[in-house]
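Okay, thanks for coming, everyone. Let me put the thing up on the screen and then I'll walk you through it.

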Amino acid sequence: MKFFEKYGVSRSVQFLVGVLILALMIILGASLWPDAEAPRLMFRMFVGLSIGYALSRAAMGFAGTVNRAYTTGSTKLMKAIAVLFIFGGIATFVAVMGGVLTPDKLPGNTLNWGLLIGATLFGFGMSFGVCCASGVLTDLADSPLRALVVLFFFCMGGFLGVALVNQDWMKWYAEPIFGLEALGNKANLNFATWFNWDGTNGALGALILTIILASVVIFLATLYENKRKRENTYLGCECECCIAKIQTEPKENETLGYKIISKPWGMLTGAAVIALAFAALLFVTKGGWGVSGPLGQWFARFLHMFGLSGEAIESFTNGGYKAGMVDAKFFTNQMYVQDLSIFAGAIIYLLTSGNFWKPKAWLFKPLEIVFFAFGGILLGLAINLAKGCNAGGLFTPISSFATSGWIYLICIVGGGFLGNIVRKYLYKVCKLS
């Protein structure tokens, strides 16, 4: 890393490496995937690339909605994510109106104790890991040491979480909140079912309600940011300030190549690209966007590499992971390909824009690594309780008009603020800040 810090790597070299990675992915995928699976896997690859590229180029990440708000007072990202909910809702509206999906088939989760506890725990873990499921994949390119630690322990927590929720004594987590059986029926709790009289199979009413709720989030975020400014505790987010400065640079100083390849996107542009990827998933797979599902499986396969049998893994997880899963071909799994492509999309942007080599991204104190690992474990456990991360438990359900997504949002914000308070205290005690 000292070599790169002293001499650097030219932007042209980084650009060529980024283009080469993209070309190799397409060529290897087209040549190695079975003919029957190639179209689906290629589709998943491009969806992952698009999402990873957009998250990186627009400096977005779901974990930042809470973390940035607490540490800097900036709610710009939180408001951009709220707009993303609206974009996603429009995609779902089009899918329902086009007959691709019916309201009872829209993605969403049941309102149970696992959702409440898991989403809160996920928010708490985000504060220590400084990322979420999609964020840890994009951060592998931007902050590799932290991301590697969080990812490894995220996978471990996901594996342990599968074993945990499959124990007989854990059946309580799937019980409806407060014992209300209606809350256990995700179809009845989709906004579209509440407006099935509107002539659009409930889609228009559900979209309008989603827009109203997203607007409330934007309003509350603005109130919070203004409060921080009045109290002189508003610091502003460094990366947001840098992008804002770049966005306002004189147009005559920008080359066409810079605009197309390197110039950071505004968050609304990033949100639009992610929404388009979500729409593609809805129309092609009739399902939403998820990230965290494969992570526990990756840890199971890691253990298998070191001699643990598939049968032992199935027994430990009480049937959560079947024995044959660890022997299945890795690069023909659609979700594996999609997740790895999110990482690839982020690294391709950083390379093609000439911003890849950041030696300081490897510099952390040993105790910080412990906190990152702790955050990763919590994230992995949480996804099994809540049945999803920020992508599969928050964004996809909200965009699909599911009540569960909004409950997830409330819990994750609460858990995130609590986690940041605890993290700040521990960092002060340990003299890390």
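Some housekeeping. This is a predicted model, where local features need pLDDT of at least 70 and side-chain atom pairs count only at pLDDT 80 or more, while totals for chains, interfaces and linings use all residues. Residues are numbered from 1 along each chain as its sequence is written, and side-chain values use heavy atoms, leaving out hydrogens and water.

On to the fold. We've got 19 helices and 0 strands in the protein chain; those are DSSP runs, H or I of at least four residues for helices and E of at least two for strands, numbered from the N terminus. The C-alpha atoms fill a box of roughly 65 × 55 × 55 Å along the principal axes. Of the 433 residues, 51% count as buried, where buried is under 20% relative accessible area, exposed is over 50%, and partly exposed is in between, with a 1.4 Å probe and protein chains only.

Now look at helix H7, residues 133–142. How many of its 10 residues are buried? The count is 9, among them Val-136, Leu-137 and Asp-139. The buried residues of H7 pack against helices H3 (38–57), H6 (113–129), H8 (144–165) and H16 (334–352), with contact meaning heavy atoms within 4.5 Å.

Val-130 has a positive phi of about 60° although it isn't a glycine, and at 32% relative accessibility it counts as partly exposed. Asn-201 also has a positive phi, about 65°, again without being a glycine. You'll find Asn-201 in the loop between H9 (191–194) and H10 (203–230), and it counts as partly exposed at 38% relative accessibility. Most residues other than glycine have a negative phi.

Last stop, cysteines. There are 0 disulfides, a disulfide being a pair of cysteine sulfur atoms within 2.5 Å. Cys-155 counts as buried, at 6% relative accessibility, and Cys-237 counts as buried at 9%.
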